[in-house]
Amino acid sequence: MAEISFPLPDLGEGLIEATVLEWLVSPGEQVERNQPLVEVETTKSAVELPSPQAGKVVRIYGGPGDKINVGEPLIVFEVPDNTAGIVGTVPKEEAPKRRVRLSAVLDED
Amino acid sequence: MTGFRQAQSPDAPTPHPEAPGKRTEQLSMQQALNRALDEVLAENPKAVIFGEDCGRLGGVFRITDGLQAKHGEKRVFDTPLAESGILGMSVGLAMAGFHPIPEVQFDGFAYPAVNQIICQIARMNYRSRGTLPMPITLRVPSFGGIRAPEHHGESLEALFAHVPGLKVVSPSNPHEAYHLLKYAATRPDPVIFMEPKSRYWQKGDVDFGAADAPGAGSPAGAPTGAKVMREGRHLTLIAWGAMVSRCLQVAGLAAEDGIDVEVLDLRWIKPIDADALVASVRKTRRAVVVHEAPLTSGLGAEVAQLVTQGCFDTLKAPVERVTGFDVPYPSGDLEDEYIPNIDRILFGIQRVLEYKRG
């Protein structure tokens with residue numbers, strides 16, 4: 001298993017921090033991609049952050065009222081080693097399939 | 001296939017799978033590369049690893065996972081998203097006596113660094129009459145097969161192989177990955193290390209003792225040159241990187257039809273082991289070269305020429321090439337049509353088998 005840390009992303013317009021309003025997931029919980037993780041408030045608005053990926057929540061940072069700077073850890077996921085790539089998908093290992101058969105008269109000269 | 005395993009003497013302690021000092025272990029290529037880098041950092045205090053997300057995250061493919069925590073932020077660190085800077089910094093570090101092991105996160109991101117690679121890294125040693133060697137091991141997750149977006153599935157081996165001063169290598173399995181990376185990272189020359197990203201997760205036995213069986217490879221046991229991965233009598237399939245495992249599958253299927261196929265893993269794309277090519281095809285008298293890169297001016301042409309030069313009198317058919325197409329690498333939905341598949345390789349073999357001299 002591998003751990004993947006997700007830092008607080010830049011929420012736009014030069015905001016440098018956000019305040020946690022409410023965590024919508026807790027450690028130990030399995031989350032899906034795009035599932036709302038946490039509600040945070042910036043000086044502009046309150047927003048729900050969707051999960052960037054599926055995985056088991058290992059740690060969350062900050063409780064209600066705590067400020068988190070952009071780029072600091074927000075949440076850590078645990079994922080199986082073979083899904084730990086961030087771009088693309090793991091190719092499936094399957095038995096080789098064929099449609100072409102070989103035919104040849106092999107003279108051993 | 002995975003090389004030399006030490007014969008057990010009756011006096012030797014019984015090896016335990018978890019015992020330290022064990023010689024063989026089953027690892028994925030990702031784990032094998034991570035192990036190799038860990039050992040390189042421990043053995044060479046001048047080795048430094050850097051790239052986009054290489055430090056805290058451990059790389060998008062986890063190849064540098066845990067290395068920053070273990071070896072510190074001065075040895076393993078993140079860079080800005082600027083490949084020209086990553087490779088430009090490598091030039092300066094190499095001049096200052098370091099052994100940089102930079103990562104370009106994906107093949108297609110190497111293009112912005114081509115100026116640094118070709119105009120500086122490749123020729124600094126030559127330009128300085130040997131006073132400024134460039135011991136740089138550039139890791140590039142390469143080739144396609146993982147349904148990634150544009151610029152994430154390219155095959156740059158012919159581009160780099162064409163540049164004097166660069167060495168180019170690609171491992172085909174975890175054992176090769178461990179040994180080739182450890183070897184590359186001790187070279188005094190720049191090495192482009194092309195990791196087949198579609199093979200990162202498949203496991204295989206890694207023999208930590210020796211790269212190659214006795215008698216193969218270089219006399220010192222170093223993983224130089226090509227390697228026969230399966231012996232056969234009727235035809236040689238030549239490949240590197242991710243295509244080696246596909247060729248081994250094809251060889252298994254060809255055997256069902258009574259065709260005995262030898263599979264040669266080129267390993268080093270530059271320099272190419274012409275002796276191994278010729279030795280194999282002298283025996284089988286037929287050759288098919290397989291690569292993901294487009295056909296025109298691909299490395300298959302170089303291989304075909306070397307084989308023809310060395311085996312012209314005994315070849316039973318022209319060397320066949322089974323490759324990607326002369327188009328930009330397609331989106332993930334189409335990559336199974338682009339990358340040589342089992343049937344296309346079998347067709348290539350069939351064309352060689354049924355060739356009749358005019």
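Are Phe61(B) and Phe106(B) buried or exposed? In this predicted model, in which local features need pLDDT of at least 70, side-chain atom pairs count only at pLDDT 80 or more, and totals for chains, interfaces and linings use all residues, side-chain values use heavy atoms, with hydrogens and water left out. Residues are numbered from 1 along each chain as its sequence is written, while chains are lettered from A and ligands numbered from 1 in the order in which they are written.

Phe61(B) is buried, and so is Phe106(B), where buried means under 20% relative accessible area, exposed means over 50%, and partly exposed lies in between (1.4 Å probe, protein chains only). Aromatic pairs were assigned to rings of Phe, Tyr and Trp (its six-membered ring) whose centres lie within 6.5 Å, with planes under 30 degrees apart counted as stacked, over 60 as edge-to-face and the rest as tilted. By this rule there are 10 aromatic pairs over all chains. One of them joins Phe61(B) and Phe106(B) in an edge-to-face arrangement, with 5.3 Å from centre to centre and 65 degrees between the planes. Because Phe61(B) lies in the loop between strand 2 and helix 2 of chain B, and Phe106(B) in the loop between strand 4 (99-103) and helix 4 (114-121) of chain B, this pair ties together parts that are 45 residues apart in sequence. Here helices (H or I, at least four residues) and strands (E, at least two) are DSSP runs, numbered from the N terminus. A further edge-to-face pair is formed by Phe325(B) and Tyr338(B), at 6.2 Å centre to centre and with 75 degrees between the planes. Phe325(B) is found in the loop between strand 14 (320-324) and helix 11 (335-338) of chain B, and Tyr338(B) in helix 11 of chain B, so the pair ties together parts that are 13 residues apart in sequence. Phe325(B) is partly exposed, with a relative accessible area of 41%, whereas Tyr338(B) is buried, with a relative accessible area of 4%. Ring pairs also link Phe61(B), Phe106(B), Phe109(B), Tyr200(B) and Trp201(B) into a cluster.

The loop between strand 2 (47-51) and helix 2 (67-71) of chain B also holds Leu57(B), which counts as buried at 18% relative accessibility. Leu57(B) and Phe77(B) are 20 residues apart in sequence, and their C-alpha atoms are 9.8 Å apart in space.

Turning to the interface, 36 residues of chain B are in contact (heavy atoms within 4.5 Å) with 29 residues of chain A. The size of an interface is often given as the accessible area lost when the parts come together. Chain B and chain A bury about 2700 Å² between them, 55% of it on carbon and sulfur atoms, this area being summed over both parts and calculated with a 1.4 Å probe. Five salt bridges were counted between the two chains, each being a side-chain nitrogen of Lys or Arg within 4 Å of a carboxyl oxygen of Asp or Glu. Among them is the salt bridge of Arg101(A) with Asp257(B), in which the closest N and O atoms are 2.8 Å apart. On the side of chain B that touches chain A, helix 8 (243-256) and helix 12 (342-353) of chain B each supply at least two residues, and the largest share, seven residues, comes from helix 12 of chain B.

How values were computed:
Buried area = accessible area lost by both parts, 1.4 Å probe.
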